[in-house]
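Work through the two exercises below with the model open. Each task is followed by a solution in steps.

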Amino acid sequence: MGAMKFFSFLAVAMVLSMSHSQAQEGNWGDESVPYTMGPEKMTKLRFYFHDIITGENPTAVQIAQATGTNTSSTMFGALMMIDDPLTEGPDINSTLVRRAQGFYGLSGQNEISLIMGMSLVFTANKKFNGSTISVLSRNAVTHTEREFAIVGGTGYFQFARGFISAKTYSFLVPNAVVEYNCTIVHPSSVSESGKSDSVPGKSDSSSGSKISLVSSLVFVSVIAYVTINLSLQHFSW
């Protein structure tokens, strides 16, 4: 009888474990719906980027460096975290319109160049407030003029793409002021289309999960039944 209780407990545990595992399936938010984009439009913006490394309130701080960074003529391997102000004019005291938040690393061994990953966060304009554009690009800082890639955006700039033409306005080592001229291509609107009460994909996943759960329960129950009977025959003494 002890063996029977043990194998009964084992079978119940297997059934409960399988039920819990199957119940988790299909809950990944797997939903695909058609969507419609409005006509694309181009937005052009200009502002000034202030990278402040020295002083009482730096907006760019070093958070890591490589073993040889201090002996490198290009500071290769240094990593900076930034929360740089973006202003309407080149003067730091002009109207704050955005902030550049992210990081850049010194990625050139033979010339000073950066690899930048940052979001330009809009703070002052009612139309754009809370929206962002995302930049991921190389920045050859010794070149007077260069371009950066805009790879995405949020809010007003969902599905954005484009580029930034950057031109150094002033460079008082190591602080810099850079003029940014942004060309942003983005849809005028984005909306779901053709969505019905029954969401394609989601309902199918739910149905498939239920069928799979029933099948698993039947399979485990049969295995448990056979195991218990074999155990009773083996321990019949």
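**Exercise 1: the largest pocket**

Task: state what volume the largest pocket has and which residues line it.

Step 1. The largest pocket holds about 570 Å³ of space. A pocket is an open set of points on a 1 Å grid over the protein atoms alone, where a 1.4 Å probe fits, with protein on both sides within 12 Å along at least five of seven lines. Points are joined across faces, edges and corners, and the volume is the space filled by probe spheres set on them.

Step 2. The lining has 27 residues, and Ile112, Leu114, Val141, Phe171 and Pro174 are the closest to the pocket centre. A lining residue has an atom within 4 Å of a point.

Step 3. By class, 18 lining residues are nonpolar, 7 polar and 2 charged. Ala, Val, Leu, Ile, Met, Phe, Trp, Tyr, Cys and Pro count as nonpolar, Asp, Glu, Lys and Arg as charged, and the others, Gly among them, as polar.

Step 4. At least two lining residues come from each of β2 (40–51), β5 (96–106), β6 (114–122), β8, β9 and β10 (175–187). Strands are DSSP runs of E, at least two residues, numbered from the N terminus.

The model is predicted: local features need pLDDT of at least 70, side-chain atom pairs count only at pLDDT 80 or more, and totals for chains, interfaces and linings use all residues. Residues are numbered from 1 along each chain as its sequence is written, and side-chain values use heavy atoms, without hydrogens and water.

**Exercise 2: strand β8 and its partners**

Task: find how β8 pairs with β7 and β9.

Step 1. β7 (residues 132–139) and β8 (residues 145–154) run antiparallel, joined by 4 bridges; pairing requires at least two DSSP bridges. Ile133 has Gly153 as its bridge partner in β8, and the hairpin from β7 to β8 passes through 5 residues.

Step 2. β8 and β9 (residues 161–172) are also antiparallel, with 6 bridges. Glu147 has Ser165 of β9 as its bridge partner. In this hairpin, with 6 residues between the strands, Gly155 takes a positive phi near 65°.
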